[in-house]
Amino acid sequence: MKLSSTPELVTVFGGSGFVGRYVVRALVNRGYQVRVACRRPDLAGFLQPLGNVGQIHLMQANLRYPDSVAAAVRGSSVVINLVGILAESGKQKFDAVQFYGAQAVAKAAKDAKARLIHMSAIGADADSESGYGETKGKAEAAVRDIIKSAIIFRPSIVFGQEDDFFNRFGAMSRFAPALPLIGGGATKFQPVYVGDIAEAVAKAVDGDLKAGKTYELGGPEVKTFRECLELLLAEVGRSKMFVNLPFFAASAIGKLIGWLPGAPITYDQVVMLRQDNVVSAAASKAGLTLEGMGIKPTPMAAILPDYLVQYRPSGQFTEIHREES
């Protein structure tokens, strides 16, 4: 780990989100000054204890308003854009946030002469039928056009205490008689630990990674959708049936209820599930992976038990607690 010799200022857009809080922690541990730019800084106070007094600064900014983005970037040496949405809601549209918002951040970083680190995703493709994948792909191209030296990260699905995937199905396992296997559960994932992503971002801030490159981030295991759910059920100590949900049926459900707040699945997510979500052979061969940058990927077995225990039946939780004590 390299400590910064001077208290450089790093602006992190989306620093109050799931990945963001881990990135902020990794940066303050290295001695950086961190400006967290988010829509609701009044709800991001939980970040303050991660650093020393005055080390973390909260600032209001909205990627849909370029002037607020420029203000948040001013004086920064490095700018990190972690903002992304899994589903559209109100004014938070894929185009507005993930494409035009990414452009605004890149332009502000260029004007400030700051280095740029951009978070994308495996599956980003400007020609994707998914709004999420399309805008992530368009954003990569726009960022590269504005700042050729930008470093882009493409993670697979991310796991960790606040994740959306395992927590969602863990909660579902409490009451649902069966768990759905969308598309038969054959889609492949390479789940990556959020702490490893944060370490990769911090290495980029330190200047240890190659400028102008796109890195693909995956964990040490490739698992199918079904295998991920089987692992989840083993961890929570529950036995559930699986129900195969063909893509056409899942798409229909997504179109019907996907617009509802907190919907379990959207049409756009079903489209994304038609493609495997794993690190490409090209990225592995070029060393543009966690292993290539000297980070040993964390296995799911080392992290999942720490937070999935909350979904165990109460009797099992008590028994486990007695054994550990």
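The legends below describe several close-up views of a predicted model.

**View 1. Strand β2 and its partner, strand β1.**
Strand β2 covers residues 33-38, and because 5 of its 6 residues are buried, the strand is largely enclosed by the rest of the structure. Strand β1, made of residues 9-13, is joined to β2 by 5 bridges, and the two strands run parallel. Within this pairing, V10 is the residue that stands opposite V34 in β2. C38 has a relative accessible area of 6%, and so it counts as buried, the limit being under 20%.

**View 2. V73 in helix α2.**
Helix α2 spans residues 66-73, and V73 lies within it. Is V73 buried or exposed? With a relative accessible area of 0%, V73 is buried. When the neighbours within four places in sequence are left aside, V73 is in contact with T11, F13, R35, V79, A108, A109 and A112. V243, by comparison, is 170 residues from V73 in sequence, and the C-alpha atoms of these two residues are 48 Å apart in space.

**View 3. K113 in a loop.**
K113 is placed in the loop between α3 (94-111) and β5. Although K113 is not a glycine, its phi is positive, at about 60°. The relative accessibility of K113 is 76%, and because a value over 50% counts as exposed, this residue is described as exposed.

S128 is buried, having a relative accessible area of 18%. A polar atom of the side chain of S128 lies 3.0 Å from the backbone nitrogen of S130. Not counting residues up to four places away in sequence, S128 touches G133, E134 and M272.

A pair of aromatic rings is described by two values, the distance of the centres and the angle of the planes. The count for this model comes to 11 aromatic pairs. One of them is formed by F159 and Y193, whose rings are 5.7 Å apart from centre to centre, with 40° between the planes, and this pair is classed as tilted. F159 lies in strand β7 (residues 158-159) and Y193 in strand β10 (residues 192-193), so the pair ties together parts that are 34 residues apart in sequence. F159 is buried at 0% relative accessibility, and Y193 is buried as well, with a relative accessible area of 18%. One aromatic cluster is formed by F165, F166, F169, F189 and F225.

**View 4. Charged side chains over tyrosine rings.**
The charged end of R25 sits over the ring of Y22, at 5.3 Å from the centre of that ring. In another place, K255 lies over the face of Y267, and here the distance to the ring centre is 4.8 Å.

**View 5. Cysteines and the disulfide count.**
A disulfide is a covalent bond that links the sulfur atoms of two cysteines. How many disulfides are counted in this model? The count comes to 0 disulfides.

How values were computed:
Residues numbered from 1 in each chain as written. Predicted model: local features only at pLDDT ≥ 70, side-chain atom pairs only at ≥ 80, totals over all residues. Heavy atoms only, no water. Buried < 20%, exposed > 50% of the residue type's maximum accessible area, 1.4 Å probe, protein only. Polar contact = N/O pair within 3.5 Å; in protein donor to acceptor, adjacent residues only side chain to side chain. Contact = heavy atoms within 4.5 Å. Disulfide = S-S within 2.5 Å. Phe/Tyr/Trp six-rings, centres within 6.5 Å; stacked < 30°, edge-to-face > 60°. Helix = DSSP H or I, 4+ residues; strand = E, 2+ residues; numbered from the N terminus. Lys NZ or Arg CZ within 6 Å of the ring centre and 35° of its normal. Pairing = 2+ DSSP bridges.
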